[in-house]
Amino acid sequence: MAVYFLNLKTFGRSGGSSAVSAAAYRAGERIRDERTGRTYDHTERQDVMHKEILVPSDLAQADMSWAKDRSYLWNSAESAEVRKNARVAREYLVALPVELDPDQRLNLVRNFSQELTDRYRFALDLAIHAPRDFPGSDPRNFHAHLLATTREVRLEGLAAKTTLELNDSTRRERGLPPVINELLFVRERWSTVTNEALRDARIEARVDHRS
């Protein structure tokens with residue numbers, strides 16, 4: 001039975017979080033944090049099924065090699081922030097239907113990730129993980145981490161904060177609804193595209209974001 005799960009998490013300086021550490025862990029790579037001098041090595045991971053970095057569709061034909069370089073991207077995200085309480089990344093964690101095959105799961109979450117990237121103009125680091133082979137772990141737990149920059153991505157680098165990072169008074173001045181509406185939109189959208197993927201695969205199971 002397909003299960004709905006979408007959780008939003010943020011990474012900020014006030015909590016001691018590191019976007020470089022988060023990216024290295026999720027991608028199963030070794031990356032040095034140039035701000036702190038620490039190196040995070042997760043190359044031993046065997047459960048990373050797929051990883052890629054997405055940028056807005058209108059930049060797809062441009063030279064975005066700097067943004068596709070995981071180490072450079074996340075070190076840039078860290079160096080762009082100077083405030084002690086700065087938010088450096090946000091993540092959407094989603095459960096992938098076990099009923100779908102690997103290609104179908106990849107297409108589902110890649111298309112969803114591209115939608116988010118186009119909507120918010122950030123760079124998004126996508127990593128799909130297989131269930132862990134630990135005692136008591138759920139063998140159906142296919143899931144994806146969608147780690148996004150808090151700044152818009154442009155040809156020359158990271159720019160201004162995305163609209164997701166604006167407080168509600170600033171959003172109101174710009175004619176935007178409260179930011180909680182964005183989370184509600186994303187939750188419903190993930191339900192919709194998941195059910196479309198299940199339907200296209202001729203699977204009767206459905207998910208429901210209302211909880």
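Predicted model: local features only at pLDDT ≥ 70, side-chain atom pairs only at ≥ 80, totals over all residues.

Reader: Where does the charged end of Arg-45 sit?

Author: The charged end of Arg-45 sits over the ring of Tyr-25, with 4.2 Å to the ring centre. That value, too, is within the 6 Å limit.

Reader: Now the rings. How many aromatic pairs does the structure hold?

Author: The structure holds three aromatic pairs. One of them joins Phe-112 and Trp-190.

Reader: Why is the pair of Phe-112 and Trp-190 called tilted?

Author: The ring centres are 4.8 Å apart, within the 6.5 Å needed for a pair. The planes stand at 55°, which is neither under 30 degrees (stacked) nor over 60 (edge-to-face), so the pair is tilted.

Reader: What makes this pair a tie between parts of the chain?

Author: Phe-112 belongs to helix 4 (residues 102-120) and Trp-190 to helix 6 (residues 180-200), so the pair ties together parts that are 78 residues apart in sequence. Both Phe-112 and Trp-190 are buried.

Reader: And why is the pair of Tyr-120 and Phe-122 tilted?

Author: Here the centres are 5.6 Å apart and the planes are at 45°; this angle also lies between 30 and 60 degrees, so the pair is tilted.

Reader: Are Tyr-120 and Phe-122 buried or exposed?

Author: Buried means under 20% relative accessible area. Tyr-120 has 2% relative accessibility, so Tyr-120 counts as buried. Phe-122 has a relative accessible area of 0%, so Phe-122 is buried as well.

Reader: Why does Glu-152 count as buried?

Author: Glu-152 has 18% relative accessibility, and 18% is under 20%, so the label holds. Glu-152 is found in strand 8 (residues 151-154). Leaving aside neighbours within four places in sequence, Glu-152 has contacts that include Tyr-120, Arg-121 and Lys-161. Glu-152 and Phe-122 are 30 residues apart in sequence, with 4.5 Å from C-alpha to C-alpha.

Reader: Let us turn to the sheet. What is the order of its five strands?

Author: The open sheet has the order 1-5-7-6-4, and the pairing is antiparallel.

Reader: What makes strand 1 and strand 4 edge strands?

Author: Strand 1 (6-12) and strand 4 (48-54) each have a single partner strand, so one side of each is left without a neighbour in the sheet. On average, neighbouring strands of this sheet are turned by 15° against each other, direction ignored.

Reader: How do you know that strand 1 and strand 5 pair?

Author: Pairing needs at least two bridges, and strand 1 and strand 5 (residues 87-95) have seven, in the antiparallel sense. Among them, Leu-6 has Val-94 as bridge partner, and Asn-7 has Leu-93. Strand 5 is also joined to strand 7 by seven bridges, again antiparallel; Ala-95 and His-143 are bridge partners there.

Reader: What makes strand 5 mostly covered?

Author: Seven of the nine residues of strand 5 are buried.

Notes
Residues numbered from 1 in each chain as written. Heavy atoms only, no water. Phe/Tyr/Trp six-rings, centres within 6.5 Å; stacked < 30°, edge-to-face > 60°. Helix = DSSP H or I, 4+ residues; strand = E, 2+ residues; numbered from the N terminus. Buried < 20%, exposed > 50% of the residue type's maximum accessible area, 1.4 Å probe, protein only. Lys NZ or Arg CZ within 6 Å of the ring centre and 35° of its normal. Axes fitted to C-alpha atoms, helices over the stretch in contact; angles between N-to-C directions. Contact = heavy atoms within 4.5 Å.
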